[in-house]
Amino acid sequence: MYTRAVVASTTALLGTTALLLPLSPARAADSGTPPVVIAHRGASGYAPENTLPAVDKAAALGIDWVENDVQRTKDGELVVLHDDSLARTTDVEAVFPGRSPWKVKDFTAAEIARLDAGSWFDPAYAGARVPTLEQFVHRVERHDQKLLLELKNPELYPGIERETLKVLSNEGWLDRAHLRDRLVVQSFSADSVRTIHELKPGVKTGFIGTPPVGDLPAYAGFADQINPPHTSLSSGYVAAVQAFRGPHGKPLEVLTWTVNDAAAARRVAGFGVDGIISNTPDVVRDAVDG
């Protein structure tokens, strides 16, 4: 999370362009349209997170949006993994026992491709691999799904914003159709989100966190979404976020995470959020669609 000092520097950089006029407050709760449901790291409640089977499971459940996390290997390949270490979700400790702490950035793409990223979750998924970003977007495209892409730990990987955009461009994800309603790039780093916006202004972006209301005008200069944990939410905060227009001239959106039960889903839907990120997206969908 970034401090007020970072936001203050952002405000100074953006100047008066960041001081956007507020709109009328909260829309979603009164619109009759349920929040969009996003499968967190794929349908990670049912399949190993950030793997291709997790994408397939989300598709099988009828979930249009998939969230994932991007890191970079020692030799510059972008791979889909949440942690900056391979230890929790692969068998790296057994395959490479002498290379603690098993950081992604210390392994080549070929070495990571040898790892089993499924057995830790369930023996039925033995042999699932850590996908490259290219492999992941191919699978999402195959299912005609949409992608919420998180740049994870960008401070560890200087230049990852430009590299991510290059992969997305090479795979056809920066054309008009994808930019219109199939892609959002987000991060906990305000600097990283702003960099994506500056490099490719057409890309929709999200800041992960709960900035103070007084700082929202600065964020509205480069982020289309403010995406806080559900434990920090209130209807007042959601309305405050949605009262500003983002860099593409539309009201800021709120996607909240990680909601895995029906009661919490109904609670945040009542706050008027635009989207709910969940490990069990079918549970959330069924709770809010009624």
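User: Why are α12 and α13 called oblique to each other?

Analyst: This is a predicted model, where local features need pLDDT of at least 70, side-chain atom pairs count only at pLDDT 80 or more, and totals for chains, interfaces and linings use all residues. Residues are numbered from 1 along each chain as its sequence is written, and side-chain values use heavy atoms, leaving out hydrogens and water. The axes of α12 (residues 262–270) and α13 (residues 281–289) cross at roughly 50° and come within 8 Å. Under 35 degrees counts as roughly parallel, over 145 as roughly antiparallel, 65 to 115 as roughly perpendicular, and the rest as oblique; α12 and α13 are therefore oblique.

User: What makes the contact between them, by class?

Analyst: On the α12 side sit Ala 262, Ala 265, Arg 266 and Ala 269, and on the α13 side Val 283, Val 284, Ala 287 and Val 288, with contact meaning heavy atoms within 4.5 Å. That's seven nonpolar, no polar and one charged residues. Ala, Val, Leu, Ile, Met, Phe, Trp, Tyr, Cys and Pro count as nonpolar, Asp, Glu, Lys and Arg as charged, and the others, Gly among them, as polar.

User: What lines the largest cavity, and how much space lies in it?

Analyst: About 50 Å³. A cavity is a set of points on a 1 Å grid over the protein atoms alone where a 1.4 Å probe fits but cannot get out, and lining residues have an atom within 4 Å of a point. Here the lining is Glu 49, Asn 50, Thr 51, Val 80, Leu 81, Thr 89, Ala 117, Trp 120 and Val 130: five nonpolar, three polar and one charged.

Conventions: Axes fitted to C-alpha atoms, helices over the stretch in contact; angles between N-to-C directions. Helix = DSSP H or I, 4+ residues; strand = E, 2+ residues; numbered from the N terminus. 1 Å grid on protein atoms, 1.4 Å probe; cavity = no way out; pocket = protein on both sides within 12 Å on 5 of 7 lines; lining within 4 Å. Points joined across faces, edges and corners; volume = space filled by probe spheres on them.
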